[in-house]
Amino acid sequence: LAADHPLTRLATATTVLLRDLARSPAQARLVARATTAIPDVVNAMQAHLRQDLADAHAAGPLAVSRVELAARIVTAVARQAAQDLAEGRIDETALPDIVRAILRAVGCTPRDAAARADQAARHAEAFSRSAAAPARKPS
């Protein structure tokens, strides 16, 4: 994902994941269950997340000084969003609010969280279009 700032990468990855899950409640249910029942799933999901949070911490203080705790907060909110998507309590229209809430939880100001969430939505849309485009054969 081409994003300059680690919190924008975090927001973009979260947006891409949750948009995918919003379009497939069965997949959202599977992700919600797997992140609860299979610790290796969470560990795999958190690998890039921890690095982005560490980079963000190095660039400026996070509200949560421990990267591991910040990663667990982000994961918990994303897991709950997956569960809510699976059960139909929320839909894709709630995703910008969720991404902004995650960014606020790790220390972004409201204005910065809104800007990063908007940028993440644009990145996620571009990612979605590129993933849907047919592969070009080399000439």
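**Cavity, pocket and helix packing**

About 40 Å³ of space lies within the largest cavity of this structure, which is a predicted model. Searching the whole structure for cavities of 30 Å³ or more turns up one. The largest pocket has a volume of about 430 Å³. Helix α1 contributes to the lining of the largest cavity and gives the most to the lining of the largest pocket.

**The largest cavity**

- The lining of the largest cavity is made by Leu 17, Leu 18, Leu 21, Val 31, Thr 35, Met 45, Thr 75, Ala 78, Arg 79 and Ala 82.
- Two or more of these lining residues come from each of α1, α2 (25–37) and α4.
- Helix α4 is the main contributor to the cavity lining, with four residues.
- Sorted by class, the cavity lining holds seven nonpolar residues, two polar ones and one charged one.

**The largest pocket**

- Fifteen residues line the largest pocket, and those nearest its centre are Leu 10, Ala 13, Thr 14, Leu 17 and Met 45.
- The elements giving two or more residues to this lining are α1 (6–22), α3 (39–59) and α4 (67–86).
- The share from α1 is six residues, the most of any element.
- Ten residues of the pocket lining are nonpolar, three are polar and two are charged.

**Helices α1 and α4**

- The axes of α1 and α4 lie 9 Å apart, and the two helices pack at an angle of about 20 degrees.
- Because angles under 35 degrees count as roughly parallel, α1 is roughly parallel to α4.
- The crossing of α1 and α4 is right-handed.
- On the α1 side the contact uses Leu 10, Leu 18, Leu 21 and Ala 22, which meet Val 74, Ala 78, Ala 81, Ala 82 and Leu 85 of α4.
- This contact between α1 and α4 has nine nonpolar residues, with no polar and no charged ones.

**Helices α1 and α6**

- Helix α6 covers residues 110–132 and packs against α1 at an angle of about 55 degrees, with the axes 8 Å apart.
- That angle makes α1 oblique to α6.
- The two helices, α1 and α6, form a right-handed crossing.
- From α1, the contact residues are Leu 7, Thr 8, Ala 11, Thr 12, Thr 15, Val 16 and Arg 19.
- Their partners in α6 are Arg 116, Gln 119, Ala 120, Ala 121, His 123, Ala 124, Glu 125 and Phe 127.
- By class, the contact of α1 with α6 comprises seven nonpolar, five polar and three charged residues.

**Helices α2 and α4**

- Helices α2 and α4 pack with their axes 8 Å apart, at an angle of about 145 degrees.
- Their crossing is left-handed.
- Pro 25, Ala 28, Arg 29, Val 31, Ala 32, Thr 35 and Thr 36 of α2 form the contact with Arg 79, Ala 82, Gln 83, Leu 85 and Ala 86 of α4.
- Seven nonpolar, three polar and two charged residues make up this contact of α2 with α4.

Notes:
Residues are numbered from 1 along each chain as its sequence is written. This is a predicted model: local features need pLDDT of at least 70, side-chain atom pairs count only at pLDDT 80 or more; totals for chains, interfaces and linings use all residues. Side-chain values use heavy atoms; hydrogens and water are left out. On a 1 Å grid over the protein atoms alone, a cavity is a set of points where a 1.4 Å probe fits but cannot get out, and a pocket is an open set with protein on both sides within 12 Å along at least five of seven lines; lining residues have an atom within 4 Å of a point. Grid points are joined across faces, edges and corners, and a volume is the space filled by probe spheres set on the points. Ala, Val, Leu, Ile, Met, Phe, Trp, Tyr, Cys and Pro count as nonpolar, Asp, Glu, Lys and Arg as charged, and the others, Gly among them, as polar. Axes are lines fitted to C-alpha atoms, for helices over the stretch in contact, and angles run from 0 to 180 degrees between N-to-C directions. Angles under 35 degrees count as roughly parallel, over 145 as roughly antiparallel, 65 to 115 as roughly perpendicular and the rest as oblique. A crossing is left-handed if the near helix is turned anticlockwise from the far one by less than a right angle, and right-handed if clockwise. Contact means heavy atoms within 4.5 Å.
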